[in-house]
Amino acid sequence: MSEDYYFLNAAERKALQSWHVWLDDNRGDRARLRRAESPEDILLTDAFFHFLDKMNKASPQWSQNKPMLTSASIAGALSHVKTDKQTPSKLYNSKATDAPKKSASFAEQLATPSEGKSKAPMSELRFQQLQKSPTTDDFYRRIIRAIGLLGGNVNIISLANDIIHWHREFERQVDHRQPANRLAVRWATDYFTALPKNSD
């Protein structure tokens with residue numbers, strides 16, 4: 001995925017990873033986030049206030065640029081992630097040994113079979129349902145389900161970026177004059193390119 005598609009700057013990405021590590025040492029907070037059934041349930045938790053504090057210190061514009069439900073969705077989703085899985089992308093890395101390696105995106109991970117398996121973690125039907133989620137609550141539930149299908153091993157930077165992107169498109173804050181920049185196009189490209197050719 002090109003850096004142009006990232007809504008997160010370097011400081012925000014670092015803070016996000018740091019907060020995810022903090023969750024491992026604060027399991028009660030993580031458990032409360034995991035019990036949330038919707039982003040709104042997350043808004044009044046201590047862990048969410050800690051998340052906002054961490055992100056605002058890293059980037060003072062965080063709360064101005066990210067609606068509360070977007071931030072809550074990210075915090076809640078990350079509580080379900082066991083491991084920040086940054087594996088090299090099989091789609092975008094050049095064969096040159098000195099070229100910087102890009103990590104597999106969230107959508108690519110959803111299509112890439114785990115070791116010893118031949119099927120994608122998420123079926124095409126579920127992937128299409130995720131893309132077409134009609135409400136923020138529905139999207140949140142499907143994101144949590146997707147994380148579960150990956151065994152909790154997810155690229156958290158890509159996941160958070162995609163949550164921001166989805167919310168912005170849902171609120172019609174993204175320029176649709178460039179279809180290639182739409183989340184659905186990028187997700188479909190990554191997912192269907194990575195999908196095993198013999199997958200049903």
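Student: Which residues does Leu23 touch, not counting residues up to four places away in sequence?

Tutor: Leu23 touches Arg30, Leu33, Leu78 and Ser79 when residues up to four places away in sequence are left out. They are called contacts because heavy atoms lie within 4.5 Å. This is a predicted model, in which local features need pLDDT of at least 70 and side-chain atom pairs count only at pLDDT 80 or more, while totals for chains, interfaces and linings use all residues. Residues are numbered from 1 along each chain as its sequence is written, and side-chain values use heavy atoms, with hydrogens and water left out.

Student: How far apart are Leu23 and Leu33 in space, C-alpha to C-alpha?

Tutor: The C-alpha atoms are 10.0 Å apart, and the two residues are 10 apart in sequence.

Student: Is Leu23 buried or exposed, and what makes it so?

Tutor: Leu23 has a relative accessible area of 1%. Buried means under 20%, exposed over 50%, and partly exposed in between, with a 1.4 Å probe and protein chains only. Therefore Leu23 is called buried. Leu23 lies in helix 1, and Trp22 is also placed in helix 1, residues 10-25.

Student: What makes a stretch a helix or a strand, and how many of each does the protein chain have?

Tutor: Both are DSSP runs numbered from the N terminus: helices are H or I with at least four residues, strands are E with at least two. The protein chain has 11 helices and 2 strands. In order from the N terminus, the elements run α-α-α-α-α-α-β-α-α-α-β-α-α.

Student: Which residues are in contact with Trp22, beyond its neighbours within four places in sequence?

Tutor: They are Asp29, Ala47 and His50. Trp22 and His50 are 28 residues apart in sequence, with 9.7 Å between their C-alpha atoms.

Student: Why is Asn56 called partly exposed?

Tutor: Its relative accessible area is 25%. Asn56 sits in helix 4, residues 46-58, and touches Trp62 and Ser63, residues up to four places away aside. Asn56 and Glu12, 44 residues apart in sequence, are 8.7 Å apart C-alpha to C-alpha.

Student: What makes the link between the side chains of Asn56 and Ser63 a polar contact?

Tutor: The two side chains are joined at 2.9 Å. A polar contact is a pair of N or O atoms within 3.5 Å (within protein, one must be able to donate a hydrogen and the other to accept it, and residues adjacent in sequence count only if both atoms are side-chain atoms), so the 2.9 Å pair falls inside the cut-off.

Student: Why does Leu195 count as buried?

Tutor: Leu195 has a relative accessible area of 8%, which is under 20%, so Leu195 is buried. Leu195 is found in the segment after helix 11 (183-194). Beyond neighbours within four places, Leu195 is in contact with Ala111, Ala120 and Glu124. Leu195 and Ala120 are 75 residues apart along the chain, yet 6.5 Å separates their C-alpha atoms.

Student: How much of the protein chain counts as buried?

Tutor: Of its 200 residues, 46% do. As for contacts between residues at least 6 apart in sequence, 70% join residues at least 24 apart.
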